[in-house]
Amino acid sequence: QVQLVESGGGLVQAGGSLRLSCLVSGRTFSSSAMGWFRQAPGKEREFVAGISWNGANTYYTDSAKGRFTISRDNAKNTVYLQMNSLKPEDTAVYYCAVRTRRSRDNDVYTAKNDYDYWGQGTQVTVSS
């Protein structure tokens, strides 16, 4: 059974920072591509950032480029999302996801159906 547990969400003022963490258990984390998504009220869940299984490549949605950084620590089975210069429009529930299907070495995956397991989400609220 694969489990993902996110943490690090909270309430922050615009311009502030948060670091989200996602601990993965139940499979070989180091061979799995990972992604962060978010879902705001009344909106579809959208891709935010992804990282290849080997950590060689990352990819961001346009609104996250230059402000967010995804990283992974395979020794801790954890993926992170460092979020800086937060804006009210970043307010959402943030989910991490793991791809347990085979991944090509340097590929980053951006679609929801590219991933196989999801965490329960962590709320990020940015006040203006």
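This is a predicted model: local features need pLDDT of at least 70, side-chain atom pairs count only at pLDDT 80 or more; totals for chains, interfaces and linings use all residues.

User: OK, rings. How many aromatic pairs does the structure hold?

Analyst: Five. Rings of Phe, Tyr and Trp (its six-membered ring) pair if their centres lie within 6.5 Å; planes under 30 degrees apart count as stacked, over 60 as edge-to-face and the rest as tilted.

User: Why is the pair F37 and F47 edge-to-face?

Analyst: Their planes are at 80°, so the pair is edge-to-face, and the ring centres are 5.6 Å apart. F37 is in strand β4 (residues 33-39) and F47 in strand β5 (residues 46-51), ten residues apart. Strands here are DSSP runs (E, at least two residues), numbered from the N terminus.

User: Are those two buried or exposed?

Analyst: F37 is buried, with a relative accessible area of 1%, and F47 counts as buried at 11%. Buried means under 20% relative accessible area, exposed over 50%, and partly exposed in between (1.4 Å probe, protein chains only).

User: And what about Y115 and W118?

Analyst: The centres of those rings are 6.3 Å apart and the planes are at 65°, so the pair of Y115 and W118 is also edge-to-face. Y115 is buried at 5% relative accessibility, while W118 is partly exposed at 27%.

User: Which residues do the ring pairs link into a cluster?

Analyst: F37, F47, Y59, Y115 and W118.

User: Which arginines lie over ring faces?

Analyst: R45 lies over the face of Y95, at 3.6 Å from the ring centre. R72 lies over the face of F29, at 4.4 Å from the ring centre. The criterion is NZ of Lys or CZ of Arg within 6 Å of the ring centre and within 35 degrees of the ring normal.

User: Switching to cores. Which residues touch the most other members in the largest nonpolar one?

Analyst: M34, W36, F68, L81, M83 and Y94, out of 27 residues in that core. A nonpolar core is a set of buried Ala, Val, Leu, Ile, Met, Phe, Trp, Tyr and Cys residues joined through side-chain atoms within 4.5 Å.

User: Where do F37 and F47 sit, then?

Analyst: In a second, separate core of six residues, which also includes A33 and Y115.

User: Back to β4. How many of its residues are buried?

Analyst: Six of seven.

User: And what does β4 pair with?

Analyst: β4 pairs with β9 (92-99) in the antiparallel sense over seven bridges, and with β5, also antiparallel, over five bridges. Two strands pair if DSSP finds at least two bridges between them. The bridge partner of M34 is V98 in β9, and that of F37 is F47 in β5.

User: Last one: in what order do the strands of the open sheet run?

Analyst: The order is β1-β3-β8-β7, four strands with antiparallel pairing. The edge strands are β1 (3-7) and β7, each pairing on one side only. β1 and β3 pair over five bridges, and S7 has S21 in β3 as its bridge partner.

Key. Residues are numbered from 1 along each chain as its sequence is written. Side-chain values use heavy atoms; hydrogens and water are left out.
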